[in-house]
Amino acid sequence: MSPVVLRGLAAPAVVAALTAVAALAFGAGTAIAVLATGSGAIIAFHVWQLARLERWASEPQDVDAPEGHASWREPMAALYRRVRARQLHQADLAATIERFRRAAEALPDGMLIMDSANRVQWANQRAQMHLGLDLPRDIGAALANLARQPVLVRYVDSEAYNESVVFDSQREPGATLSVQIVPFGIEEKLLISRDISRLEAVARMRRDFIANVSHELKTPLTVVTGFVETLQDLELEPHQRRRYLQLMQEQARNMQRLVDDLLTLSSLESEQNPLADTPFAVVPLLLALSADAKALSAGRHTIALDIGHAAMVTGSRDELASAFGNLISNAIRYTPDGGTITLHWQVAADGTGEFAVEDTGIGIAPEHVPRLTERFYRVDRSRSRASGGTGLGLAIVKHVLLRHQAELDVMSEIARGSTFTAHLPAKRVRRVAEPEGAAQAAPASTSN
Ligand code: ADP
């Protein structure tokens, strides 16, 4: 017999013994009184214990089980241990669910769980944002009734989830979403939504770029092919032949410039081409740029050089020379004959280096300025082409400056002129007392 049963029988046994003794010593009347009192006390005790158990059972679950007395001690303790174990298990479960929820919220993608009837069961914040849902309000509603994009509704209803579906977000204009449904468990479904706007933009840029390059090469190629055919098919006068060959040469040079600029851009963008960080004296570079500018202008413009301070610059001399050279060539190409182009250099009070090209040229309307550094962006396509432009000059400038943590600033006024300024960060510029090297001989300001 179990100890609990034995303990439970102990009190009735004592009452029975006391009743027997009372019967022998005092007679039947006293014995009945002892039996009644003893039995009453035992019943009252058990009813009290039962009442405590009942009260506890109807309490919320996380209240500890009451302590039992006498024969109730062991069963109550066993009950307490079981409840405690279940509470710990539930706490573990809750912590696991909470961890899962936090992980799902941290995901860069949207996650949504649907039941077999495609009703929303749960979704993280990102999925709610992507699909325009509001939880807990939308829990239990069919996704097809909540989603606003017909293409998504068709996809959810199709039950064919091998492919993902792509559509424009209605919440964020310009954003593109990709949604994939993955069945799991017993007819449940996991929906994963992803913002692919950036990927789409890169793919679009790549497509546009290829289309632009093809177009840019097609024009001179068509011209060259046409002249070659003409030269093959027709007997031409010597002066005509010379003229056609000259035009072919111009077109070939255009293609050469375009290919050169494309190669420069691609090498600037390549991760295999780290920046050659070497200190160099800026004044000799400015003198060389000014000489090149004069050669390019061929006396059509006044070229002035305004050197504020001599300095050493840390970076790639070749890349900066190419970027500054592009700004200068633009100034010359977009300034009518007789205009002035001034190259300024100074070290500002905060230690940054400022190289500026100021011209008195045609100027640029404000709406074009933010897009000037885009590849192949031109304000006036035919003017750019006629002056030998590739539409890539300022894109190259932007990349070179980016690699030097430098910034380009454009100020321009139609018919008055433009100033393009490159701001080099102070950590790349060290002011020196005297002009370095060749600069010793240079005047602070030179002009044509
Ligand atoms: P492009 O080879 O056509 O000159 P860039 O990338 O160098 O290409 O310049 C982009 C466009 O910016 C040019 O087509 C031109 O319209 C405008 N632009 C650049 N520099 C100047 C300037 N100094 N004055 C006026 N317009 C300019």
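Residues are numbered from 1 along each chain as its sequence is written. In this predicted model, local features need pLDDT of at least 70 and side-chain atom pairs count only at pLDDT 80 or more, while totals for chains, interfaces and linings use all residues, and side-chain values use heavy atoms, with hydrogens and water left out.

**View 1. The largest pocket and its centre.** The largest pocket has a volume of about 900 Å³. Among its 45 lining residues, N326, S329, N330, R333 and Y334 are the closest to the centre. A pocket here is an open set of points on a 1 Å grid over the protein atoms alone, where a 1.4 Å probe fits, with protein on both sides within 12 Å along at least five of seven lines, and lining residues have an atom within 4 Å of a point. Points are joined across faces, edges and corners, and the volume is the space filled by probe spheres set on them.

**View 2. Elements around the largest pocket.** α10 (317-333) is one of the elements that supply at least two lining residues each, others including α8 (238-269) and β12 (417-424), and α10 gives the most, with 10 residues. Helices (H or I, at least four residues) and strands (E, at least two) are DSSP runs, numbered from the N terminus.

**View 3. The second largest pocket.** This pocket has a volume of about 520 Å³, and of its 16 lining residues the closest to the centre are M205, R206, F209, E269 and R375. The helix α7 gives the most to this lining, with 6 residues.
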